[in-house]
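This report describes the strands and the nonpolar cores of one protein model. The sequence and structure come first.

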Amino acid sequence: EWGELTEYGHLAPELWMGLLWKRLMGQQVLQVTSENLLSYVRTYAHRDDSNVVTVVLINFGEWDASIDVDFGHTGSSQEEYHVTSPDLPNIQGTKLSLNGADLPDSFGALQLNSAGDVPEFAPLTKPRGSVQVKS
């Protein structure tokens, strides 16, 4: 399914993933190089017009992973968005969680902001360093 609704009328996970991707990922695709990247982790990196780099790490494995991400950035913190599913291990589930908070799975549960838009996604701000990617 790639629509906004599942066959049962729930918001499709692809809706949330597409919205998060559109808000965070820039137009410029960057080449990702790594030393010892785990075979079950996929990595994508983009840069936006403000020169902000966003990296997506997708863990297809059954194990958690710790990934060191280094852009030569000297800041002391990094913003992270962790998307998981409370339906796992059921891979046909329709629920998603962002940073531990369940996202609405129906239009009735969706609360728009005062401008009528889906609210911004709040990142986790963590000390710069490794990213823990759950299975």
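Two strands pair if DSSP finds at least two bridges between them; strands (E, at least two residues) are DSSP runs, numbered from the N terminus. The model is predicted, so local features need pLDDT of at least 70 and side-chain atom pairs count only at pLDDT 80 or more, while totals for chains, interfaces and linings use all residues. Residues are numbered from 1 along each chain as its sequence is written, and side-chain values use heavy atoms, without hydrogens and water.

An open antiparallel sheet is formed by 3 strands in the order S6-S7-S8. Its edge strands, S6 (83-84) and S8 (101-102), each pair on one side only. S6 is joined to S7 (residues 97-98) by 2 bridges. S4 (residues 65-68) also pairs with S10, antiparallel and over 4 bridges.

| Residue | Bridge partner |
|---|---|
| Val 83 | Leu 98 in S7 |
| Ala 65 | Val 133 in S10 |

A nonpolar core is a set of buried Ala, Val, Leu, Ile, Met, Phe, Trp, Tyr and Cys residues joined through side-chain atoms within 4.5 Å. The largest has 8 residues, among them Trp 16, Leu 98, Leu 110 and Phe 121. A second, separate core of 7 residues includes Val 41, Ala 65, Ile 67 and Val 133.

Terms used. Buried means under 20% relative accessible area, exposed over 50%, partly exposed in between (1.4 Å probe, protein chains only).
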